[in-house]
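Hi,

Here is the structure I promised to pass on. Have a look at it first, and then read my notes below.

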Amino acid sequence: MAGGIKKFVVGCFDDEKVLFPAVKNVRKAGYKIHDVYTPFPVHGLDHAIGIRETSLHTAGFIYAITGTTTALTFISWVFTKDWPLNIGGKPHFALPAWIPITFELTVLFSAVGMVLTFCYLCQLAPFVKKHHFHARATDDLFVMAIECTDKTNDAEVQAFLQQAGATEVNVQNAETGWWIGRYDREQKLYKEEKGY
Amino acid sequence: MSLLKYESQIREPLVDGNKDYHQVTEDIIRPIEMKPSRLWYIGFSISVALLLFGVYSIYREVTYGIGQWNLNKTIGWGWDITNFVWWIGIGHAGTLISAILLLFRQGWRTGVNRAAEAMTIFAVICAGQFPIWHMGRVWMAFFVLPYPNSRGPLWVNFNSPLLWDVFAISTYFTVSLLFWYSGLLPDLATVRDRAKTKFRKMFYGVASFGWSGSTKHWQRHESLALVLAGLSTPLVLSVHTIVSFDFATSVVPGWHTTIFPPYFVAGAIFSGFAMVQTLMIVVRKVLNLQDYITIGHIEAMNKIIVLTGSIVGCAYLTELFIAWYGQNPYEWYAFKENRANLFSPYGWSYYLMMFCNVVSPQLFWSRKLRRNITVTFFMSIIVNIGMWFERFVIIVTSVYRDYLPSSWSTYYSPSIWEIGFYLGTFGLFFTCFFLFGKYFPVIAVAEIKAILKTSGENYKVKMTDLEKADAEKFYVEEVEHAH
């Protein structure tokens with residue numbers, strides 16, 4: 001995705017009780033919330049800012065069945081085609097004895113695949129440099145970043161945020177790398193979502 | 001949406017004291033930013049010394065062979081495999097706390113899960129050493145992996161429980177590590193954003209993978225944690241089940257029983273919780289975290305100890321009964337002569353196991369003793385000794401007298417190098433744990449913050465007023481108006 005410097009109005013809130021109405025008002029006023037950075041998972045915030053459910057668990061399921069089929073096809077190929085071992089005259093296709101390994105590989109594929117997908121989607125890796133809007137976003141502040149366009153009057157947005165209960169407001173320029181705003185394309189404005 | 005999730009007043013607060021979000025960060029992160037105490041250096045040095053002794057013991061074993069361990073043709077599995085099963089069992093409590101209690105929505109897990117998961121990972125690393133070095137020709141250890149080789153290719157035996165173990169333990173280690181580290185990312189970012197020194201900024205910057213706390217990331221993070229918990233739950237049960245298959249699928253009297261999988265899993269959780277208690281009681285005191293790991297947490301874990309201890313006791317009696325009822329002379333001999341006979345060469349270990357695992361945890365039926373830290377600490381040590389002897393009893397008392405009396409070996413005691421190897425894994429475990437306690441947040445900071453407003457003491461007080469007002473309102477509306 002193309003980079004480039006973008007301007008953001010940043011508002012910090014110190015209580016989630018203030019944050020939720022603020023999010024609603026900001027969206028109602030037609031501003032585009034780029035993201036809200038929180039020190040812990042705030043339940044319901046994802047719906048409040050209008051991002052869709054994650055489908056990471058679907059990916060996990062696909063990885064899991066990949067693991068199952070890998071284990072079953074590989075073991076059955078080894079023991080029935082490539083090198084059939086005669087173990088006390090028992091059947092070569094010994095499915096019950098393969099269940100433990102099949103299960104382990106199912107779990108392994110799913111877990112490893114999901115974590116890698118998670119890191120890819122969130123662009124998390126060692127040595128990744130990101131713009132952090134506020135150092136206390138991982139401590140005790142809920143930091144809302146509003147994306148500015150050419151037409152945005154940032155003084156007006158700042159005043160709006162202050163009025164909504166933000167304890168600290170400022171304007172920051174941040175380089176939008178490919179980690180930024182993958183999902184903001186899907187984010188609908190409050191108007192579109194509610195149909196008014 | 002209501003932000004104040006309701007939690008009954010009957011429940012004890014999970015976070016004591018007057019805390020806000022910043023105070024939580026301060027309390028948990030501060031030990032990382034301070035110079036370690038003298039006690040830390042002493043403990044760390046002892047651990048490293050033990051580790052080095054272990055390394056030397058392994059060197060002896062690799063150079064001269066398994067004979068260094070006093071193993072013989074009859075007793076091929078002695079301390080080594082006992083230690084393996086013991087360490088693997090200890091790891092299970094960490095996964096139980098982080099995964100099973102997450103699925104059951106138990107709030108108290110947040111205080112202990114991070115350290116317990118770390119314990120799991122270190123315990124599995126220690127456990128893995130034993131089968132690997134037991135191979136003797138350890139440079140051929142890679143033979144256990146199914147890779148296309150130039151000998152046919154000659155594949156591994158997928159029908160063998162020992163190979164299932166390879167898969168189970170390596171999967172368990174990988175999944176536990178991923179679960180633990182993905183949970184650590186947000187907390188490492190908290191340390192990074194507070195960092196003052198250049199080294200800390202760089203180290204935690206790299207370690208936190210650039211975590212920002214974005215809402216979308218949290219949403220994915222929660223989904224990931226939930227699915228990993230769902231995967232780890234059957235995984236942890238499967239691991240000790242498969243370890244028990246190593247014994248149960250054999251034809252050795254004393255091993256050949258179908259009760260082993262549930263019995264091993266219960267025992268694993270039992271010993272694991274004892275180890276969590278040992279570690280947590282020290283950690284909360286040394287790092288001053290009594291507000292986060294409260295007496296309530298300790299009591300909750302003691303309840304699990306008395307439950308799993310009783311399950312284990314029930315299993316001991318069941319296998320004893322079935323050995324008699326089954327009328328297999330070899331099986332009954334193993335139980336009657338090798339174990340239950342106090343005056344047989346290893347009879348004492350059977351009674352020691354019974355006392356430590358079945359009798360002593362029954363003290364925890366008393367609420368007063370469950371909430372007593374000194375009693376809990378001693379009990380945790382006793383349980384771990386007992387669980388070590390359980391594995392010793394299962395392994396050694398079953399094999400030392402086999403079908404052929406001429407090969408009976410009633411004289412097995414470990415050599416200094418076999419003991420040294422075991423002590424070495426203690427060194428490895430505690431070296432890792434000391435480093436973890438110094439450089440990583442030992443409590444999940446973000447998770448504590450997420451439960452703070454429902455389970456923190458100062459917020460609970462406010463909730464009490466609300467609840468009272470609500471009860472009064474209910475009374476006025478429902479009772480008075482009815483008349």
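**Chain B overall**

Buried residues make up 49% of the 483 residues in chain B. Bear in mind throughout that this is a predicted model. Chain B is built with 16 helices and zero strands. Its radius of gyration comes out at 25 Å, close to the 23 Å that the globule rule gives for 483 residues, so chain B is as compact as a globular protein of that length. Looking at contacts in chain B with a separation of 6 or more, 83% are between residues 24 or more positions apart.

**One spot inside chain B**

I also picked out B:A99, which you'll find in helix α3 (residues 79–103) of chain B. Is B:A99 buried or exposed? The cut-off for buried is 20 or more other C-beta atoms within 10 Å, and B:A99 has 27 such neighbours, so it counts as buried. Leaving aside residues up to four places away in sequence, B:A99 touches B:A229, B:S232, B:T233 and B:V236. As for B:I32, it sits 67 residues from B:A99 along the chain, and their C-alpha atoms are separated by 26 Å.

**Where the chains meet**

How many residues does each chain bring to the contact? Chain B puts in 51 residues and chain A 55. On the chain B side, α1 (21–33), α5 (161–194), α7 (215–248) and α15 (445–455) each supply at least two residues. The most comes from α7(B), with 16 residues. By type, the chain B side that touches chain A divides into 26 nonpolar, 18 polar and seven charged residues.

**A strand to look at in chain A**

Over in chain A, have a look at strand β3 (residues 142–147). Five of its six residues are buried, so β3(A) is largely enclosed by the rest of the structure. Which strands does it pair with? Strand β1 (residues 5–13) of chain A runs antiparallel to β3(A), joined by six bridges. Strand β2 (residues 32–37) of chain A is also antiparallel to β3(A), with five bridges between them.

Cheers

Methods
Residues are numbered from 1 along each chain as its sequence is written. Chains are lettered from A and ligands numbered from 1 in the order in which they are written. This is a predicted model: local features need pLDDT of at least 70, side-chain atom pairs count only at pLDDT 80 or more; totals for chains, interfaces and linings use all residues. A residue is buried if 20 or more other C-beta atoms lie within 10 Å of its own, exposed if 12 or fewer, and partly exposed in between; C-beta atoms are placed from the backbone. Helices (H or I, at least four residues) and strands (E, at least two) are DSSP runs, numbered from the N terminus. Two strands pair if DSSP finds at least two bridges between them. The radius of gyration is taken over C-alpha atoms; the globule rule is 2.2 Å times the number of residues to the power 0.38. Two residues are in contact if their C-beta atoms, placed from the backbone, lie within 7 Å. Ala, Val, Leu, Ile, Met, Phe, Trp, Tyr, Cys and Pro count as nonpolar, Asp, Glu, Lys and Arg as charged, and the others, Gly among them, as polar.
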